[in-house]
Amino acid sequence: MAAFIGSFLQYTIEMVILAAIAVAGVFTGRKLRKNKDAKSATVRIGTGRK
């Protein structure tokens, strides 16, 4: 029974770490995309192109 609990805790901790990495990736991707969109909007306004 102790082996089962140890294994379960190991997989649970691993799942939490991977989920945290995934969430961080999503937020980083959103931030980078917003910055890229803001730069492209600024460039379009500055050059007079649509």
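Me: What does the accessible surface of the chain come to, and what share of it belongs to carbon and sulfur atoms?
Reply: This is a predicted model. The chain has an accessible surface of about 4900 Å². The share belonging to carbon and sulfur atoms is 70%.

Me: Which residues form the nonpolar patch on the surface?
Reply: The patch has about 1000 Å² of accessible area together. Its members are M1, F4, I5, F8, L9, I13, I17, L18 and I21.

Me: Is I21 buried or exposed?
Reply: I21 sits in helix α1 and belongs to the nonpolar patch. Its relative accessible area is 56%. The limit for exposed is over 50%, so I21 counts as exposed.

Me: Which residue forms a salt bridge with R33?
Reply: A search of the whole structure turns up one salt bridge. Its closest N and O atoms are 3.4 Å apart, and the cut-off is 4 Å. The partner of R33 is D37.

Me: Why are R33 and D37 separated by about one helical turn?
Reply: Both residues lie in helix α1. The separation is about one helical turn because R33 and D37 are four residues apart.

Me: Are R33 and D37 exposed, partly exposed or buried?
Reply: R33 has 48% relative accessibility. D37 has 36%. Buried is under 20% and exposed is over 50%, with partly exposed in between. Therefore R33 is partly exposed, and D37 is also partly exposed.

Me: How many aromatic pairs does the count come to?
Reply: Ring centres must lie within 6.5 Å to pair. By this rule the count is one.
Me: Which residues form the aromatic pair that is stacked?
Reply: The ring centres are 6.3 Å apart, with 20° between the planes. Planes under 30 degrees apart count as stacked. The pair is F4 and F8.

Me: Where do F4 and F8 lie?
Reply: Both residues are exposed. They are four residues apart, about one turn of the helix. That helix is α1.

How values were computed: Residues are numbered from 1 along each chain as its sequence is written. This is a predicted model: local features need pLDDT of at least 70, side-chain atom pairs count only at pLDDT 80 or more; totals for chains, interfaces and linings use all residues. Side-chain values use heavy atoms; hydrogens and water are left out. Patches are made of residues with over 30% relative accessible area and no salt bridge: like charges are joined within 9 Å, nonpolar side chains (Val, Leu, Ile, Met, Phe, Trp, Tyr) within 5 Å. Accessible areas come from the Shrake-Rupley method with a 1.4 Å probe; for residues, only the protein chains shown count as cover. A salt bridge is a side-chain nitrogen of Lys or Arg within 4 Å of a carboxyl oxygen of Asp or Glu. Helices (H or I, at least four residues) and strands (E, at least two) are DSSP runs, numbered from the N terminus. Buried means under 20% relative accessible area, exposed over 50%, partly exposed in between (1.4 Å probe, protein chains only). Rings of Phe, Tyr and Trp (its six-membered ring) pair if their centres lie within 6.5 Å; planes under 30 degrees apart count as stacked, over 60 as edge-to-face and the rest as tilted.
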